[in-house]
Amino acid sequence: MKSSVTEILGCEYPVIQGGMAWVAEHNLAAAVSEAGGFGIIGAASAPADIVREEIRKCKALTDKPFGVNVMLLNPNADEVADIVIEEGVRAVTTGAGNPAKYMEKWKAAGVKVIPVVASCAMAVMMERAGADAVVAEGMESGGHIGSTTTFALLPQVVDAVKIPVIAAGGIADGRGMAAAFMLGAQAVQMGTRFVAAKESIVHANYKEKIVKAKDIDSTVTGMSTGHPVRCLRNKMTREYLKMEKEGVELMELEKLTLGSLKRAVIDGDVVTGTLMAGQIAGLIKSEESCSDIIKGIVSGCEKVIGEYK
Ligand code: TUI
């Protein structure tokens with residue numbers, strides 16, 4: 001299953017793994033790339049030397065191309081931007097900001113640049129700055145989100161730019177992938193589905209929360225702070241939302257979330273940890289290998305498109 005995006009990324013299937021903080025480490029990225037998708041190491045807020053180590057560990061596990069997600073709120077983003085060049089990484093995706101200041105040097109080094117956008121305006125800006133493709137990410141996604149749904153955002157971004165568009169948010173099976181293609185996407189990016197993958201290092205408690213989640217089990221914290229984050233409802237989100245409603249100061253709110261993603265991912269603290277996940281969590285019923293996930297979504301997509309024809 002080829003598309004303009006598999007050409008850009010050098011992978012077999014148009015299935016990209018989201019660059020999730022703490023979750024998207026070398027084992028997951030390598031497993032996704034080995035399975036024919038495109039794995040991504042999430043640099044998130046990691047120190048730059050850790051990101052370099054992660055890239056090297058990933059190279060040791062796979063000869064296939066993989067990428068790095070540069071989270072633009074990371075104070076180390078400048079250093080990470082250079083490391084991806086030094087390590088010859090095939091592609092970068094970016095999140096939570098505008099990567100324009102890195103674009104020229106990434107392009108000059110031959111790194112493919114795929115910013116994640118949540119609006120047409122940002123997509124157009126990124127195309128003008130030289131992006132090879134964009135990920136149009138709907139608010140169904142887990143983690144830091146924009147305000148438009150995938151179903152509304154995707155066709156508008158597809159019409160706004162000439163570069164390929166990758167759909168993200170609310171996609172976890174072949175039907176979702178087929179729907180994204182119908183709306184003009186050239187590939188899909190999935191996060192939550194890969195959090196629950198066998199090769200994902202995420203704590204079993206967190207994976208269980210995703211597998212047991214229902215359609216309405218996610219919520220969005222931080223609407224008032226300008227950093228909305230979608231995660232599964234738990235004690236932490238209840239306290240956060242209560243404090244947010246009361247107009248508690250940002251510093252107080254941040255105390256609740258400091259280290260809370262690591263607590264969930266590594267320690268399995270599903271009570272006070274942040275369980276970032278998308279609205280599609282309710283569709284995920286079991287822990288599967290990356291290979292089974294990718295084969296399943298691709299064959300499911302082909303089946304749906306075949307029936308449609
Ligand atoms: O980046 C993400 N998802 C993330 S980043 C993250 S780490 C974090 N944790 C807590 C608070 C903030 C970050 C967890 N999940 N997705 C891509 C994405 N990018 N979604 C939305 C955006 C975005 C937002 C604003 C892209 C550009 C943008 O532009 C603002 C500007 O600079 O004009």
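Trainee: What makes a residue pair between domain 1 and domain 2 count as being in polar contact?

Mentor: The pair needs N or O atoms within 3.5 Å; within protein, one must be able to donate a hydrogen and the other to accept it, and residues adjacent in sequence count only if both atoms are side-chain atoms. Between domain 1 and domain 2, eight residue pairs are in polar contact, both residues at pLDDT 80 or more. This is a predicted model, where local features need pLDDT of at least 70, side-chain atom pairs count only at pLDDT 80 or more, and totals for chains, interfaces and linings use all residues. Residues are numbered from 1 along each chain as its sequence is written, and side-chain values use heavy atoms, with hydrogens and water left out.

Trainee: How many salt bridges are there between domain 1 and domain 2?

Mentor: The count there is zero, although a search of the whole structure finds 17.

Trainee: Why is the pair Glu 86 and Arg 52 called a salt bridge?

Mentor: The term asks for a side-chain nitrogen of Lys or Arg within 4 Å of a carboxyl oxygen of Asp or Glu. The side chains of Glu 86 and Arg 52 meet at 2.7 Å, N to O, so the pair qualifies. Glu 86 lies in helix H4 (residues 77–86) and Arg 52 in helix H3 (residues 48–61), so the pair ties together parts 34 residues apart in sequence. Helices here are DSSP runs (H or I, at least four residues), numbered from the N terminus.

Trainee: Which residues come nearest to the ligand?

Mentor: Of the 13 residues around the ligand (a heavy atom within 4 Å), Ala 96, Val 116, Met 122, Glu 137 and His 144 come nearest.

Notes: Helix = DSSP H or I, 4+ residues; strand = E, 2+ residues; numbered from the N terminus.
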